[in-house]
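Please have a look at the sequence and the model first.

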Amino acid sequence: MAGSARRKPSVRVFLADPPGSALFHRVEHGVLYAPQQQERTARRNRYDTIMEGVGCDRLTANFAAARIDAAFRVSDEESCAMARRLLRDERLF
């Protein structure tokens with residue numbers, strides 16, 4: 001997302017959000033919230049995920065400045081598969 005605030009208008013940015021993260025709701029509804037946060041159901045570790053940092057519910061400065069067009073949810077499996085593809089094909093890690 002770095003640099004997305006200065007992107008070309010023709011470029012669209014999408015958030016792929018793994019389970020347990022509240023960022024989907026931030027993009028789609030403007031509120032940093034995950035359903036697992038509702039009163040009387042909140043747990044310290046509310047979702048069993050292998051994704052690092054999910055569930056911290058903090059809005060970082062780079063995310064707040066990013067222009068994201070839409071968000072969709074993805075599974076842990078999809079997240080890991082994409083991370084492997086980016087490492088293998090794009091050399092991003």
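The notes below cover the salt bridges, then the helix, then what follows the helix.

This is a predicted model, in which local features need pLDDT of at least 70, side-chain atom pairs count only at pLDDT 80 or more, and totals for chains, interfaces and linings use all residues. Residues are numbered from 1 along each chain as its sequence is written, and side-chain values use heavy atoms, with hydrogens and water left out. A search of the whole structure finds three salt bridges; the term stands for a side-chain nitrogen of Lys or Arg within 4 Å of a carboxyl oxygen of Asp or Glu.

**Salt bridges**

- Side chains of opposite charge can pair when their charged atoms come close.
- Arg85 pairs with Asp89 in a salt bridge, at 3.6 Å from N to O.
- Arg85 also forms a salt bridge with Glu90, where the closest N and O atoms are 3.8 Å apart.
- Asp89 has a salt bridge to Arg88 as well, at 2.9 Å from N to O.
- Together, Arg85, Arg88, Asp89 and Glu90 are linked in a network of salt bridges.

**Exposure of the network**

- Here buried means under 20% relative accessible area, exposed means over 50%, and partly exposed lies in between, using a 1.4 Å probe and protein chains only.
- Arg85 is partly exposed at 30% relative accessibility, and Asp89 is partly exposed at 40%.
- Glu90 is partly exposed too, at 45%, while Arg88 is exposed at 52%.

**Helix H3**

- Arg85 and Asp89 both lie in helix H3 (residues 76–90), four residues apart, which is about one turn of the helix.
- Helices (H or I, at least four residues) and strands (E, at least two) are DSSP runs, numbered from the N terminus.
- H3 has 15 residues and reaches 20 Å from its first C-alpha to its last, close to the 21 Å expected at 1.5 Å a residue; the expected span is 1.5 Å times one less than the number of residues.
- Which residues of H3 are buried? They are Asp76, Ser79 and Cys80.
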